[in-house]
Every structure is written in C-alpha cells, then in structure tokens.
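Thanks for coming. I will go through one structure today, a part at a time.

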Amino acid sequence: MKPLHLILFLALSLPVQAQLRVTDTYVENKKSPAAIVSPHPRFTWILDSDTRGAGQTAYQIRVFNTTSALKKGQDVVWDSGKVSSEQSVQVPYDGPAVTSATTYFWQVRTWDQRSRPSKWSAPSHWQTGLIHPEEEFVARWIVPGIEEDTVNRPSPYFRKEFTLSSNAAVRKATAYITAHGMYEAEINGSRVGDAYLTPGWTSYNKRIQYQVYDLTDQLQRENAVGIILGNGWYRDYLAWGDSRDHYGSDIALLFQLNIEFEDGSTQQIVSDGSWLSNTGPILNSEIYDGELYDTRRELDGWSSPGFKSSGWLAAKERDFTKKTLIATENEPVRKHETFRVVKVIETPEGDLEADFGQNLVGWVQLNYSGSAGQKIELRHAEILDKEGNFYTDNLRAAEQLVTYILDGGPKRVLEPHFTFQGFRYVKVTGLRKEEIADALTAVTLYSDMEPTGTLTTSNELLNQLQHNIQWGQKGNFLDVPTDCPQRDERLGWTGDAQAFFPTAAYNMNVNNFFAKWLKDVAADQLENGAVPFVIPNVLGPDAAASAGWADVATIIPWESYVLYGDRRLLENQYPSMKAWVEYIRSKSNNFLWNSGFHFGDWLFYSPDNDTDGRAAVTDKYLIAQCFFAHSTQLLINAATALGKEEEVKEYSQLLEKVREAFRNEYLTPNGRLVSGTQTAYVLALQFDMLPAALRKQAADRLVENIRRYDNHLTTGFLGTPYLNHVLSDNGYDDVAYQLLLQQSYPSWLYPVTRGATTIWERWDGIKPDGDLETPSMNSYNHYAYGAIGDWMYQNIAGIRAVDSHPGYKEFLIQVVPGGDLTEARGSLKTYYGQIESSWRVADGSYRQEVRVPVNTMALVTLPFGSVNTIRESGSPLAQIKGISILSRGEGSVQLRVPSGRYEFEVPLSAE
Ligand code: BGC
C-alpha cells in the first residue's frame with residue numbers, strides 16, 4: 001500500500017474519535033432511583049472530554065421497557081430524536097404516560113460542536129412508584145392486637161408468613177412500606193433495605209412517605225415478613241413540654257408486597273387482619289429520650305418462616321386514610337462514618353466516659369457479651385463541663401439514654417432503632433473501664449446526600465472551621481433540616497434552614513432534600529399565607545410568620561433555582577412564595593411591616609458594656625421591612641424566570657413602595673439607620689434598601705461599628721449570613737478576612753480554638769474561662785452560624801454561581817486572596833461535572849488552576865497581574881485559543897474560559 005493510501009485507509013477504518021463521553025446519569029437528581037411518580041421525570045447527564053472548549057450541541061434520549069430491548073435498540077418506549085440543545089440538566093421525559101411499578105431503562109448520546117456524536121451512555125434505569133396510591137395500595141392499615149401499655153409504649157412487632165403461589169422463578173418482588181410512627185422491616189431473617197428512621201418526617205396529616213424495596217433476591221418458597229414499629233415523629237414527645245401524639249396516638253403499619261413470576265402470574269402480600277402482633281425487646285423508644293432494650297425478650301427467628309407464634313395476637317385493621325400517601329422524594333437516612341473510642345475518661349465525679357473525638361449524630365453500637373441481667377447504660381452528651389465532668393444540662397428534657405439488658409448470650413452488635421443521639425461523649429455504666437473502648441462504636445446517621453464540595457486552605461483553623469460546618473450539616477440533615485440534634489427540640493426551624501441553605505448546597509447535593517421539605521413548607525403554610533416557625537409544624541398555627549424565618553418560603557426556592565437550575569421546584573413553590581409575600585402585604589400599614597411577633601436577629605452578641613454608645617440590638621421591625629423587600633425581590637426574580645410578566649410588574653411596584661417605606665421610617669437623610677448595628681447596615685445593604693448615593697457611607701458605618709468592637713462581629717442568625725458578603729461587595733474584603741480570622745469571640749474561629757468539632761449555637765457557648773452559656777439555649781451542634789461557608793467557597797475558592805445561568809451553566813471563578821492565606825483548594829460537583837479551583841502564592845508567583853466542566857463556561861477573574869504578565873500553561877494569554885479577555889485592569893483581568901483545565905501563572909515580583 002502506498003503511504004497516501006495507507007493514511008486514507010487508516011483514516012476511514014478508525015472510528016471517528018468521539019469527543020464527548022457521558023460519565024454519569026441521573027433521573028430526578030438520583031442515580032437509578034426507585035419510587036419516581038412524576039409523569040415527566042427529568043434526566044441529567046454529566047459529560048467529559050479531553051478537549052478544551054467541549055460542549056454539547058444536541059442530544060438524543062431513548063427509553064425502553066427492558067434491558068434487552070435497549071441493547072438491541074428495539075421496541076423503544078420513547079425516543080426524543082436528535083434535539084438541538086445545550087441542555088444536559090433536568091431534561092424532562094416526554095414520552096407516553098408511564099405506568100406504576102415499572103422499571104424503565106434509558107440512555108443518552110450527545111453531539112459536540114463539530115456534530116460528532118458521543119457513544120450511547122451506559123444503560124441506566126428508574127423505577128416508578130405507585131402513581132395512584134389510594135387505589136394501588138390494597139393493603140389495610142393495621143394496629144397491634146394487644147392492649148397497649150400507654151405509658152412505656154413498647155415497640156410492636158408484626159409478622160406474616162406466606163408461601164409463593166407459583167413454582168416459577170420470581171421475576172420481580174417489590175415492597176411498599178410506611179407507618180404511623182417509624183418502622184424497620186425484615187424478611188426471612190434479614191433486614192430490608194439500608195434506610196433508617198423510615199418513613200422519614202413530613203407533615204404527616206397531609207403527606208406521608210412510603211418507601212420502595214426490591215425483595216426479588218430475598219424471597220424463597222416459604223417466607224416470613226417481620227416489621228417493628230416505633231413511635232417516631234408521629235407520636236413521640238416533640239418540642240418542649242409534655243406534648244406528644246402530634247399526628248395521632250395510633251401506631252400503625254401499611255405493607256404491600258407485589259410479586260411477579262416468570263410464568264406471568266402475580267401474588268400480593270398485604271398487611272391485614274391475618275398478620276400477628278406482639279411486643280418484644282424494645283421496651284421503650286423515644287427520639288429525645290433514647291431506648292430501653294432487653295435482649296432477654298428477643299424473639300429468636302420471629303421474621304423467619306416456621307417461628308412459633310404462640311401468644312401473638314391478630315392485628316386489627318383500621319381505615320386510616322391512604323389519600324396522603326406519597327412516594328419518598330429525598331435520599332433516605334443511612335449510616336455513614338463510624339468512630340472508635342478515642343479515649344476513656346474517668347471524670348472527677350468518678351464517671352467513666354467514652355470520648356469519640358467528634359460531636360456527631362447517630363448512635364452507639366454495643367458489641368459485647370455479658371452476663372444475663374447485666375444492665376449497660378449509655379448516656380450521651382456533647383461536652384464536658386469546666387471541671388471535666390459529664391454535662392447534660394443543655395439537653396434540657398432530652399434524656400439521650402440508651403439501656404441494654406443482656407441475656408448472657410454470645411457477643412453480638414446491639415444498636416437502637418427509633419431514636420438518635422447528638423453526642424461526642426458517652427457516660428457508661430455497667431462496663432468496666434478496660435472493656436469500654438472495644439465494646440463501643442459510634443455510627444453516624446444522616447440523609448444520604450451526595451457530597452459535592454471541598455475546601456482546604458493553608459490555615460489549619462479555617463480547615464477545622466470548614467470541617468465543623470460540614471459536620472453541622474451531617475448532624476442536622478436527618479430527613480428534615482433541624483436546628484440541633486440533641487436537646488428536646490430537633491425541629492425544622494425555618495430561619496436556620498434559610499440561613500444555611502447556600503452553604504449546605506456547596507457541601508452536598510441538597511436539591512431533593514429541600515424539594516421534599518419545601519413541599520411541607522407549602523403544605524403547612526396557613527390559609528392566610530403565614531409560614532410556621534418550624535416545618536413540619538408541631539408548634540401550632542400561632543407559631544408563624546416571623547421575619548427571616550418565614551422567608552424560607554421565598555429564599556430556598558429561588559436559591560435552589562440558581563444553584564441547581566431546578567425550574568420545576570421554582571414552579572411548584574411559586575404559589576407558596578406568592579402567598580407569603582401577600583401575607584406580609586396584608587399585615588403592613590402603608591407598606592410598612594411593623595406588626596406581629598419576630599425573633600429578630602436571634603442570638604446576636606451583646607457585650608455587657610454595650611451602654612457606651614456601641615450598638616448590637618437591631619430594631620425587629622427594621623429587620624422585618626428588609627425581609628419584606630427581600631422576599632418581594634425573590635418573588636420578582638421567580639416571576640421573571642417563569643415568564644410571569646404581569647406579576648413582575650405588580651411586585652416591582654410593590655417593592656418600590658416597600659423600600660420607600662423603609663427609608664421614610666428607618667433612614668435619616670444623611671444615611672444613618674435608626675439601629676446603628678452591624679445587622680441593620682448589613683441587611684439594608686444586602687437587600688438594596690438604600691439610595692445608591694447612600695451606600696458608601698452605610699458600608700463605612702458598618703466597618704466603623706466593627707472597629708468599635710475591636711474587629712468583632714456582633715450579628716445574630718439574620719445578619720451573620722450576609723455580613724462578609726456585604727463587606728466584600730462594598731470594597732472591604734480586608735475587613736471580611738479580619739472577621740473570618742478573628743480568634744477571640746464573637747467570631748467563627750473562637751469555638752475552633754476551644755476544640756469545637758461542630759458549629760455552636762452561640763458565639764460564646766464555652767467562655768474563655770470555661771464557663772458555659774445558659775443551658776436552656778446552648779447547643780454545640782447548630783449549623784446556623786456555619787452560613788459563613790458560602791462566603792468561604794465564593795471567595796477563598798472563588799467558585800460562584802450566577803443567576804442568569806442557573807445550575808452553574810456559566811459561573812464565576814473569582815478568588816479573593818486575603819488574610820494570611822498562601823494557598824487554597826476548592827471543588828464543587830455540579831450537574832455539569834466537577835468545578836475545581838485552587839491557587840498558591842509561592843516563589844514570587846501566583847498560580848491558579850481551574851477546571852471548567854464540559855458544556856459550561858467560566859468567567860475567571862485573576863486577582864493579580866495584567867494581560868501581559870499572565871501566562872497559561874506556560875504561554876502568554878493572548879496565544880491561548882478559546883479564552884477571551886473581557887477586562888484588562890491590573891489585578892482584575894477577567895477572562896471568558898470554556899471547558900477544560902487551565903493553569904494560570906502571574907509573576908508577583910514583576911508587579
Ligand atoms: C432554635 C433555633 C430557632 C429559634 C427561634 C430555638 O429554640 O434552636 O435555632 O431558630 O429557637 O428563634
């Protein structure tokens with residue numbers, strides 16, 4: 001063959017190098033999920049490529065009923081055809097109506113800018129839930145057959161034996177389970193699934209989730225199902241005082257197993273009056289108080305066939321509604337990290353305590369063999385007191401006591417079932433000191449959200465702060481976002497959730513977690529639009545409508561749209577957003593919202609000598625007016641995004657009036673606010689309450705206030721999340737860094753210097769002399785002040801979303817080096833893939849590495865150098881293909897950077 005022919009031959013015979021690769025696929029933001037009931041589930045795919053500037057110009061999705069059809073490319077259920085579009089995130093299914101309890105297999109391919117197709121993605125699937133649960137749940141709600149001990153409320157056990165109705169192989173067996181209370185299921189002696197605290201917490205009287213489990217591989221000819229129930233959020237003590245049974249006093253089970261055989265026949269096993277019930281080893285289990293477990297009362301083999309059920313009584317059927325049943329939407333609570341005992345402490349008071357080294361949420365496993373009747377008590381606490389003794393005063397009425405009574409049998413792992421504890425220290429009675437370390441292991445429990453963000457810096461204290469923020473999230477994202485996980489509270493406080501949301505969305509994918517919770521926000525919103533303090537609302541209808549708390553109804557939907565591009569969530573929540581703004585309007589007088597109860601800038605820091613003219617106390621109605629404007633602005637943003645032009649107009653007019661009312665009431669002509677506090681200036685600046693001409697002096701007054709407190713913040717829950725943003729936005733990055741790195745309290749690093757492993761509720765939870773803040777309000781695991789996290793990701797790592805291109809389709813990389821930092825490394829996994837940004841000042845130069853995911857665009861602002869001095873991968877900027885220079889200012893060169901990896905270098909000595 002002549003050389004030219006050879007080249008031609010090779011060129012024709014080699015497959016065209018596909019430029020894009022599909023690496024990950026999601027349906028409704030999850031990998032291969034079950035229980036999807038949306039008629040138009042949304043597909044997301046992540047692309048990769050070895051070429052810079054790669055992006056998608058078209059896609060094609062195919063959906064099939066079986067994997068073999070998919071492999072052959074035949075019998076397609078839906079073929080989108082080739083769609084010219086860059087969209088690779090949350091593309092809705094638009095085929096024929098999906099049917100209940102069906103698995104759909106799908107794949108996608110994409111085309112790049114040169115019209116070259118990628119390979120089809122690896123097959124992936126989703127399974128539909130019961131789309132019409134009211135009809136499709138033929139199971140009956142059942143309650144125990146025995147008279148209940150209403151004081152201790154031991155956990156009921158239910159069981160049912162059955163024989164498969166066909167000899168053919170089982171093609172598919174799917175269980176649908178929920179409860180009034182919590183449940184744990186077993187089949188043929190093994191646990192069903194790996195989710196805990198199911199069915200999770202929703203506004204049960206309106207929405208109650210069921211879970212879906214694939215039991216295909218767990219069935220045998222003769223079977224037994226066993227289910228244990230716990231009181232759970234349904235009827236446990238919740239909130240303070242003696243209130244329980246928030247949703248009802250009946251503990252109840254709903255179970256349905258749909259079996260399909262290879263011969264085409266089907267069988268259903270459903271909860272009904274033929275099930276048997278009893279009580280067993282769980283003598284008492286309460287979310288706050290812990291669990292009492294007597295192994296001597298274990299029912300060996302109770303969830304296996306052939307168990308002798310003498311003494312068990314028939315369950316009773318009940319007609320509880322099935323109208324409220326919904327499929328599970330967010331990730332289940334699962335087990336995560338485990339911790340061994342770091343040291344065993346003998347306290348001055350003579351107690352034995354295990355220290356796990358981390359304040360965490362979950363429970364302790366006991367792996368031990370003792371003598372019959374031996375009682376082991378585990379009491380949980382977050383800290384030791386000044387003297388080093390066990391300290392639980394801050395738990396208020398929550399006992400956090402787990403007790404095991406042993407049967408003398410062989411060593412095995414025991415753990416609680418329907419409770420969880422917030423702790424670092426465990427006081428142990430019933431074990432000898434030398435037995436403790438081996439016998440105990442702590443296990444964390446939290447909603448199984450995908451970790452998405454990382455941030456490390458050259459400053460170890462900041463790294464610990466980042467760790468503490470992430471652990472605040474792990475400990476408090478247990479199906480609902482709670483304020484704290486340990487005292488008699490653990491409620492879905494709305495103010496805390498909105499303050500922390502942007503940070504949470506960096507750390508983990510919280511898209512579905514909040515999509516689910518926001519539906520409860522809407523469900524529990526009162527007729528008049530008021531949003532309760534806590535969601536699910538267990539505090540009653542009067543506990544609602546506090547500024548900065550209720551605004552969760554507008555803040556999180558809008559932020560979810562910006563950070564995840566979740567337009568459907570925004571559409572779903574829009575009526576709730578609007579109802580909230582209308583509520584405020586209805587309560588305002590001449591557009592001034594100056595009525596009702598408000599928490600204000602909760603837990604702001606006010607030193608004793610505040611009487612010298614310094615100020616930390618912010619007028620509550622001034623705050624309310626700022627949030628009135630903010631919520632109205634977010635409603636306008638949402639209306640704009642959703643194309644509701646009339647409403648954009650209407651609410652823009654309202655917003656003008658709200659701002660005007662603010663200025664008339666709270667602002668002097670020279671720009672002084674009636675409250676001269678940090679929070680007042682922060683909110684006024686952040687929510688654009690001031691005329692442009694008065695912004696500069698307001699920022700100066702804010703800084704002046706900070707200086708008067710010797711470079712300390714004094715803000716509470718509402719001012720803190722915006723404080724550093726406002727400083728940065730107004731030219732005071734240096735002050736923002738001073739606050740961030742401040743080590744004496746009030747500050748973010750003070751608790752770190754005191755050995756904190758989570759975020760504290762109060763700036764001074766433990767004083768420098770070891771004294772503790774007032775125990776009635778002093779949690780050591782309260783994420784609200786962790787809201788500084790998003791400023792850190794945005795400025796130290798430089799990763800920022802932009803409203804105009806939601807979901808990081810386009811984003812900013814804008815590192816602001818400051819303080820004593822010499823390097824930092826950050827990353828964020830978006831629905832387009834991983835954004836990375838790291839930088840380092842060393843050897844006279846500033847180096848910054850950036851990774852821009854395929855199908856996105858970054859606007860990179862370099863903090864040093866000019867167009868002429870900046871090099872990328874060794875070459876002058878001007879020579880780099882694909883990068884456009886947007887602005888050339890010294891120290892603020894802005895570049896438009898398409899996908900790929902980049903290494904910028906700026907010689908600092910040449911400056
Ligand atoms: C909670 C808070 C909550 C607050 C309302 C407290 O008891 O722990 O975090 O936001 O009440 O002010």
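**A sheet, some salt bridges and a helix pair**

Let me begin with a residue: R140 has a relative accessibility of 27%, so R140 counts as partly exposed. Keep in mind that this is a predicted model.

What does R140 pair with? R140 forms a salt bridge with E317, and the closest N and O atoms are 2.7 Å apart. E317 sits in strand β22, residues 316–318, while R140 is in the loop between α3 and β9; the two are 177 residues apart, and the pair links distant parts of the chain. E317 is also partly exposed, at 34% relative accessibility.

That is one bridge. How many salt bridges are there by this rule? The count comes to 58.

Another joins the side chains of K335 and E415, at 2.9 Å from N to O. K335 belongs to strand β24, and E415 to the loop between β31 and β32, so this pair ties together parts that are 80 residues apart in sequence. K335 is partly exposed at 28% relative accessibility, whereas E415, at 17%, counts as buried.

Next, K516 and D479 meet through their side chains in a salt bridge, again given N to O, at 2.9 Å. K516 is in helix α8, residues 511–524, and D479 is in the loop between β35 and β36, 37 residues apart. Are these two buried or exposed? K516 is buried, with a relative accessible area of 0%, and D479 is buried at 4%. There is also a network: R396, R487, D488, E489 and E761 are joined by salt bridges that share partners.

Now the sheet. Six strands form an open sheet in the order β13-β12-β15-β10-β18-β21, with antiparallel pairing. Its edge strands are β13 and β21, each of which pairs on one side only. Strand β12, residues 182–187, runs antiparallel to β13 and is joined to β13 by two bridges. E186 stands opposite R191 of β13.

I187 is in strand β12 and is buried, with a relative accessible area of 1%. Beyond its neighbours within four places in sequence, I187 contacts several residues, including V192, L215, A224 and S303. L215 is 28 residues away along the chain, and its C-alpha atom is 8.5 Å from that of I187.

Last, two helices. The axes of α14, residues 695–708, and α16, residues 733–741, come within 11 Å and cross at roughly 30 degrees. The crossing is left-handed. V703, I706 and R707 of α14 make the contact with V735, Q738 and L739 of α16. By class, that contact has four nonpolar residues, one polar and one charged.

Technical notes
Residues numbered from 1 in each chain as written. Predicted model: local features only at pLDDT ≥ 70, side-chain atom pairs only at ≥ 80, totals over all residues. Heavy atoms only, no water. Axes fitted to C-alpha atoms, helices over the stretch in contact; angles between N-to-C directions. Helix = DSSP H or I, 4+ residues; strand = E, 2+ residues; numbered from the N terminus. Left-handed = near helix turned anticlockwise from the far one by under 90°. Contact = heavy atoms within 4.5 Å. Nonpolar A, V, L, I, M, F, W, Y, C, P; charged D, E, K, R; others polar. Pairing = 2+ DSSP bridges. Buried < 20%, exposed > 50% of the residue type's maximum accessible area, 1.4 Å probe, protein only. Salt bridge = Lys/Arg side-chain N within 4 Å of Asp/Glu carboxyl O.
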